Amino acid sequence: MMLLEVPPGDAGTPPHRHSGPVFGYVLEGEMLFEAEGQPGRVIPAGEQFWLPGGDAIHYRSANNRPRTWLKFLSTMIVPAGAPPLTLVGEEELEQRRAR
C-alpha cells in the first residue's frame with residue numbers, strides 16, 4: 001500500500017502496466033483516470049478505482065485540478081520480486097491505440 005501525492009496540474013506517471021491488480025482510493029483532489037478497457041473518467045475524493053494488472057495499460061492518473069494536490073492510496077497485489085509497474089514504450093502504445 002502506498003500514499004501517492006501528485007502536484008497541481010501534473011500529468012502523473014507515463015503509460016505503464018502493473019504486475020498485478022491495483023485498488024485505489026482518492027483522498028483529496030480529483031484524478032483524471034484512463035486505463036485500457038475502461039472509459040476515461042474523473043475520480044473525485046471519496047471514490048475508488050481499480051486496475052486488473054497484467055497486460056492492461058494504465059494510461060493516466062493525472063491531477064485534474066490546476067491549484068490543488070491530488071492524494072490517493074494505492075494497494076497493489078504483485079508477485080514477490082516483481083516490479084510494481086513497468087513503463088510502456090511508444091511503439092507498443094501505437095500498436096495498441098485501437099484498444
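I began with the lining of the largest cavity, which by class has five nonpolar, three polar and two charged residues. I note here that the model is predicted.

Next I looked up the names. The lining consists of Arg17, His18, Ala35, Glu36, Leu51, Pro52, Gly53, Ala56, Ile57 and His58. I then checked the volume of the largest cavity and found about 50 Å³ of space. I also looked up the count: there is one cavity of 30 Å³ or more.

I turned to the aromatic rings. How many aromatic pairs are there? I found two aromatic pairs.

I took Phe33 and Phe49 to begin with. Their ring centres are 5.3 Å apart and their planes stand at 45 degrees, so I logged the pair as tilted. Phe33 sits in strand β4 (residues 30-35) and Phe49 in strand β6 (residues 48-51), so this pair ties together parts that are 16 residues apart in sequence. Are Phe33 and Phe49 buried or exposed? I found both of them buried.

I went on to Phe49 and Phe72. This aromatic pair is edge-to-face, with 5.8 Å from centre to centre and 65 degrees between the planes. Phe72 belongs to strand β8 (residues 70-76) and Phe49 to strand β6, so the pair ties together parts that are 23 residues apart in sequence.

Phe49 has a relative accessible area of 3%, and I recorded Phe49 as buried. Phe72 comes to 7% relative accessibility and also counts as buried, because the cut-off is under 20%.

How values were computed. Residues are numbered from 1 along each chain as its sequence is written. This is a predicted model: local features need pLDDT of at least 70, side-chain atom pairs count only at pLDDT 80 or more; totals for chains, interfaces and linings use all residues. Side-chain values use heavy atoms; hydrogens and water are left out. On a 1 Å grid over the protein atoms alone, a cavity is a set of points where a 1.4 Å probe fits but cannot get out, and a pocket is an open set with protein on both sides within 12 Å along at least five of seven lines; lining residues have an atom within 4 Å of a point. Grid points are joined across faces, edges and corners, and a volume is the space filled by probe spheres set on the points. Ala, Val, Leu, Ile, Met, Phe, Trp, Tyr, Cys and Pro count as nonpolar, Asp, Glu, Lys and Arg as charged, and the others, Gly among them, as polar. Rings of Phe, Tyr and Trp (its six-membered ring) pair if their centres lie within 6.5 Å; planes under 30 degrees apart count as stacked, over 60 as edge-to-face and the rest as tilted. Helices (H or I, at least four residues) and strands (E, at least two) are DSSP runs, numbered from the N terminus. Buried means under 20% relative accessible area, exposed over 50%, partly exposed in between (1.4 Å probe, protein chains only).
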